[in-house]
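Please read the numbered points with the model at hand.

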Amino acid sequence: EEEYEEIAPLLKRIQFQQEQLKRDQKEIEKASLIRQEFSANVSHELKTPLHAISGYAELVENGMVKKEDIQPFAGKIREVTKRMLKLVEDIIELTKLDNGGAEMKWEECDMYFIAKNAIDSLEVEAASSGVDVTLKGSKAPIRAISQLLYSIVYNLCENGIKYNHSGGKVEVDVQQSAVGIILRVKDTGIGIPPESMERIFERFYRVDKSRSKEVGGTGLGLSIVKHSVSIHGGNIEVKSKIGEGTEFIVKLPNESE
Ligand code: ADP
């Protein structure tokens, strides 16, 4: 009887540990599946543009392209190469994020300043799409990984431009709250269908694959955003109406306060 009293808590602990192990095992299996799927997707996404480039080169090599068509052909090759480059850059960024941003530096940042930089670097893209990007708010200090904050604003804004109409708007708003920082990116674009709302943060998921490709998308932007937000312990919300527009709301806690 007395012995049992000693053993019971021990058994309970072992049982608990076994359950924990099972849960860990499941998590590992899930992660491994996601990685396998990711590798398969990466190979596919890289092969497509490589085939295109190789095809163009072959036509030129075999003299199948008229002299005056060679220049537009080179343009196509450059376009496809640019897309591949963006894809490789996004994959590298995601891989770094998969390591939890371990090598990245936390520092005192200003979200407003970072948002301004990101918007400035999208100026040409915005102008050529006929989309007006505005920034509201004021100084918003936060202890964070600055390159990831930049990625968050850049990707959300770029999507607001890409999935918009000429004459449309993107409004960026940076506010400081008692607990941290709130970033809103609101566009007057095409909107996201309700059935896709849950999937847009998945790697390589696109609502409209051909539109995404046309505007130079990789299908990785929002996964980079979500990952970056979660490394900062924050959360992201999305509201959207087809034909009216989309709003992303990012909340980042400020631990330095
Ligand atoms: P992509 O490189 O294709 O833009 P993302 O991961 O950034 O990839 O976004 C995934 C998909 O979500 C996009 O292909 C697009 O269909 C949809 N999406 C993202 N942002 C918006 C937006 N602001 N308005 C409408 N659709 C959007």
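Does Phe 73 count as buried or exposed?

1. Phe 73 counts as buried, because its relative accessibility is 16% (buried is under 20% relative accessible area, exposed over 50% and partly exposed in between, with a 1.4 Å probe and protein chains only).

2. This is a predicted model, in which local features need pLDDT of at least 70 and side-chain atom pairs count only at pLDDT 80 or more, while totals for chains, interfaces and linings use all residues. Residues are numbered from 1 along each chain as its sequence is written, and side-chain values use heavy atoms, leaving out hydrogens and water.

3. Four aromatic pairs are found in the whole structure (rings of Phe, Tyr and Trp, the last by its six-membered ring, with centres within 6.5 Å; planes under 30 degrees apart are stacked, over 60 edge-to-face and the rest tilted). The ring centres of Tyr 56 and Phe 73 lie 5.2 Å apart with planes at 80 degrees, so this pair is edge-to-face. Tyr 56 belongs to helix α1 (residues 2-61) and Phe 73 to helix α2 (residues 67-98), 17 residues apart (helices are DSSP runs of H or I, at least four residues, and strands of E, at least two, numbered from the N terminus).

4. An open sheet of mixed pairing has five strands in the order β2-β4-β5-β7-β6 (strands pair if DSSP finds at least two bridges between them). Its edge strands are β2 (132-137) and β6 (235-241). Strands β4 (residues 169-176) and β5 (residues 180-187) run antiparallel and are joined by seven bridges; Gln 175 stands opposite Ile 182 in β5.
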